[in-house]
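Please view the sequence and the model first, and then turn to the notes below.

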Amino acid sequence: MKITLRICMACVALSSIIAADAYTIDDYTSAMNQRRYSEAVSVMNDVIKNEASPTADLYYKRAVAYEKKGEYVFAVVDAASALTLDPVNQEYSLLSARCKKKLNDPTYVQDAQNAGKEGEK
């Protein structure tokens, strides 16, 4: 019984340490503001991994960081994940259109149309 209690206490202590080291959206914002895009991607990888049900906005944030790094394929993948969760979000469509255009993907036109007035520019 004492061994089981010690193991449980050690698990609780360890999970507290791990939780304390977890990244937050504030860490992402700070990295983006300082143009540390690789760090922003790493932060969002951690945030998404630790989220039980990642939201469209989390994928969008990581897609923006990928776009800033010039990693358009990864940005398109994350924009698609965001659009799967929120298919009418024009911001997500606009990001996808911009990245697809950089990749010479002709399907950017559909995303641009879905982005509304911003996509017409």
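The model is a predicted one. The protein contains seven helices and zero strands, and its elements follow the order α-α-α-α-α-α-α from the N terminus on.

**Overall make-up**

- Of the 121 residues in the protein, 35% are buried.
- The protein has an accessible surface of about 8000 Å², and carbon and sulfur atoms account for 56% of that surface.
- When contacts between residues at least 6 apart in sequence are considered, 43% of them join residues at least 24 apart.

**Packing of helices α3 and α4**

- Helix α3 spans residues 37-50, and helix α4 spans residues 56-69.
- The axes of α3 and α4 lie 9 Å apart, and the two helices pack at an angle of about 160 degrees.
- Angles over 145 degrees count as roughly antiparallel, and α3 and α4 are therefore roughly antiparallel to each other.
- The crossing in which α3 passes α4 is left-handed.
- On the α3 side, the contact is made by Tyr-37, Ser-38, Ala-40, Val-41, Met-44, Asn-45, Val-47 and Ile-48.
- On the α4 side, the contact is made by Leu-58, Tyr-59, Lys-61, Arg-62, Ala-65, Tyr-66, Lys-68 and Lys-69.

**Packing of helices α4 and α6**

- Helix α6 covers residues 90-102.
- Helices α4 and α6 pack with their axes 11 Å apart, at an angle of about 30 degrees.
- This angle makes α4 roughly parallel to α6, the cut-off for that description being under 35 degrees.
- Helix α4 passes α6 in a left-handed crossing.
- From α4, the residues Ala-56, Asp-57, Tyr-60, Ala-63, Val-64 and Glu-67 take part, and they meet Glu-91, Tyr-92, Leu-95, Arg-98 and Cys-99 in α6.

- The structure holds two aromatic pairs, one of which is formed by Tyr-60 and Tyr-92.
- The ring centres of Tyr-60 and Tyr-92 are 5.0 Å apart and the ring planes stand at 35 degrees, so this pair is tilted.
- Because Tyr-60 lies in helix α4 and Tyr-92 in helix α6, the pair ties together parts that are 32 residues apart in sequence.
- Tyr-60 has a relative accessibility of 14% and counts as buried; Tyr-92, at 5%, also counts as buried.
- Tyr-60 and Tyr-92 are also among the residues through which α4 and α6 meet.

Terms used. Residues numbered from 1 in each chain as written. Predicted model: local features only at pLDDT ≥ 70, side-chain atom pairs only at ≥ 80, totals over all residues. Heavy atoms only, no water. Helix = DSSP H or I, 4+ residues; strand = E, 2+ residues; numbered from the N terminus. Buried < 20%, exposed > 50% of the residue type's maximum accessible area, 1.4 Å probe, protein only. Contact = heavy atoms within 4.5 Å. Areas by Shrake-Rupley, 256 points an atom, 1.4 Å probe, with all protein chains shown as cover. Phe/Tyr/Trp six-rings, centres within 6.5 Å; stacked < 30°, edge-to-face > 60°. Axes fitted to C-alpha atoms, helices over the stretch in contact; angles between N-to-C directions. Parallel < 35°, antiparallel > 145°, perpendicular 65-115°, else oblique. Left-handed = near helix turned anticlockwise from the far one by under 90°.
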